[in-house]
Amino acid sequence: MERPHEASLLELMDLLVVHRDVEAMLPDLAVCLRQVVDFDEIALVLPRGGAAADLYTLPLLSAETRPTATEVEVATLPPLQDTKLAELWAGEHPVVLHALDDVCDYAELLAGLREAGKQSACLLPLTTAVRPVGVMVLASSNLGAYDQSDAAFLGRVGNYVAIAIDDVRRSEEALAHQRRVEAERDHWRTLLEINNAVVTNLDLKSLRAAIEPSLRRLVPHDSTSLMLLRDQGERLGPLAFDPEFPPWVEEMASALILTTAGRPDQAPIHVALALRKPIDIDMATSPALEPFVKRGGEHLPSKRLCYVPLATARRRLGALMLGRHLPEPFTEDEMGRAMQAADQIAIAVENALAFGEIEHLKDQLAQQNVYLTDEIQGTLHFGEIVGDSKALQRVLAQLRSVAPTDTSVLLLGETGTGKELIARAIHSMSERKARTLVTVNCATSPTGLLESEWFGHEKGAFTGALNQKPGRFELANQGTLFLDEIGDVPLDLQSKLLRALQEHEIERLGSTRTIHVDFRLIAATNRNLQEMVAKREYRSDLYYRLNVFPIKIPPLRDRREDIPPLVRYFTQRYAKRLRRPIESVARESMDALCRWHWPGNVRELQNVIERAVILSPGATLRVSLSEFEASAEPPPGLAVSLEDAERQHILRTLEETGWVIGGPAGAASRLGLKRTTLFSTMRRLGISRPRPERSGGGGS
């Protein structure tokens, strides 16, 4: 036959390199080769994993008809290990078969050629420098259609075909690898979605709904149910069946566990837990599920069930039940993926159960401590609020009335009178006591930063705003907001404060999103807001918004009878903290403390006692009397009420007479009063004689 030109081989090379699919390449290869070689049928035998091979066959009906990829027949040959065909594709030399009827080898391939009426063939091994690729077969209906010269030329053709097919196979392998990687990535991404769902859903029904979409992508199925065990596995519950199941399924499932608890081979959930692996069940043939089939008949949504055990290293929890509408079995791969998801779900369920048990124990502990807590609160009289004077008792009575409500409270009083203690007491007696008491001091923050302190800011809202920050109003949501020094709010910010207090809505600096906040307001000030309103230094609408329930806290000079218990309280407190052996208070020290007018109120007294505890050398508290040698009268600039003046005059007279009331030299005679009248006045003003000191010069 005529030898092809080099141009024909170049055309063949150009033709082969454009294909990335064997079925599409084979028709074009056949058309190109028929220009130089005579054949009726062309085939490719390409080995794949193991010893099997793919057989691509293209019969050529006529020379005028151009073949297409749809005419390529694809079949799988049986394992070819240790056969002549396997030896052929690993070799390098073509094989010419002049008469197929006389050949016993290559039976796997030649049987089909003989049935198609082929008489001769040429078998070309396809091999690259890296690996064997397969075998190309050219067959003819004529005897002796090929000789060794044809084989030599076709050997050169086979080299090009081998390279082209090897490129196609490598592309297919790369694509298959990419698909495996993507499938693996999707698999782990789905497991991550399930993990995120289980850690944020502690309720069983919401957990079932959260994991269902991801679980269906992981394992194809139609219904998802969660079943837990209780009472050492003798009962079901809680349950979260798929909504497509009728309600009676849950009732029958619980009863079924009770009747089959002694026969674990009859209860699928026990079988799965015992084996620690999923089990696939056909509902039509399972004896354990026969009651469901009888009750539901053809109306049961699932025909196939997969029970996936939920268990950890510490306990057996229950099972994940996957259902299919069709009786298609679950494969081993599907059950393996379901088991991976079940391991994560089991950890979440165990954590949820443990969390519930902890909450139950906390509730028990809280119930057990109710009586003791009430006793402690009753003994301390509102925690650190110390005193029995009538003035203080009036404040505490108001506190008891307003604390259980959500009414806004305005605390009025001089600096150091304990407004923050009163605010904490109101919060601790309110229904919001379980939430936070957030304190905002309106006088300490710079004017430019006060709005950010109140409402928070977004990242980049101003220079230095490197991160998003919630404000104090937002932190007080569902709790109590204490605005201290409310009288010091700048006038230009009072309108924004008023809107936040009225609407309970705020906007962070740099944001347009409105945030609703629910808080109970307590405000405090030492300034006269009414005078500030009159001078137009304070907005009247803001003042009326704050002044819903005002409580005026008396200064310490108006409740002098509270000074001795306060002195003893602070002495014990600081002696314990500073590890000083203070057991009593010197009488002259107590007298000096009771006479002083205390312009700094309780805070000043607290500081004096702390300093005295540090400086007292022995077991008796002694203050520096030189600090209190000045007149005990309030300074001229400090306003004194008529009641204060009366109290101070009577106290001076009592001290001068050594607290002798009756008789010619007694206090009543000096004051020009009857003894009974003086007693009545002392009770009205809350004046009582200080307790005598214990022997050794001390007492409290």
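1. A crossing is left-handed if the near helix is turned anticlockwise from the far one by less than a right angle, and right-handed if clockwise. The crossing of α19 and α21 is right-handed. Helices here are DSSP runs (H or I, at least four residues), numbered from the N terminus.

2. The model is predicted: local features need pLDDT of at least 70, side-chain atom pairs count only at pLDDT 80 or more, and totals for chains, interfaces and linings use all residues. Residues are numbered from 1 along each chain as its sequence is written, and side-chain values use heavy atoms, with hydrogens and water left out.

3. Helix α21 covers residues 601-615, and its axis comes within 9 Å of that of α19, crossing at roughly 45°. Axes are lines fitted to C-alpha atoms over the stretch in contact, with angles from 0 to 180 degrees between N-to-C directions. α19 is therefore oblique to α21 (under 35 degrees is roughly parallel, over 145 roughly antiparallel, 65 to 115 roughly perpendicular, the rest oblique).

4. Contact (heavy atoms within 4.5 Å) between these two helices involves, among others, Phe570 and Tyr574 of α19 and Leu605 and Ile609 of α21.

5. Helix α19 (residues 563-578) also packs on helix α20 (residues 587-595), at about 120° with the axes 10 Å apart. That makes α19 oblique to α20. The crossing of α19 and α20 is right-handed. Ile563, Pro564, Val567 and Arg568 of α19 meet Met590, Leu593 and Cys594 of α20.

6. Elsewhere, the charged end of Arg324 sits over the ring of Phe330, 3.9 Å from its centre (CZ of Arg within 6 Å of the ring centre and within 35 degrees of the ring normal).
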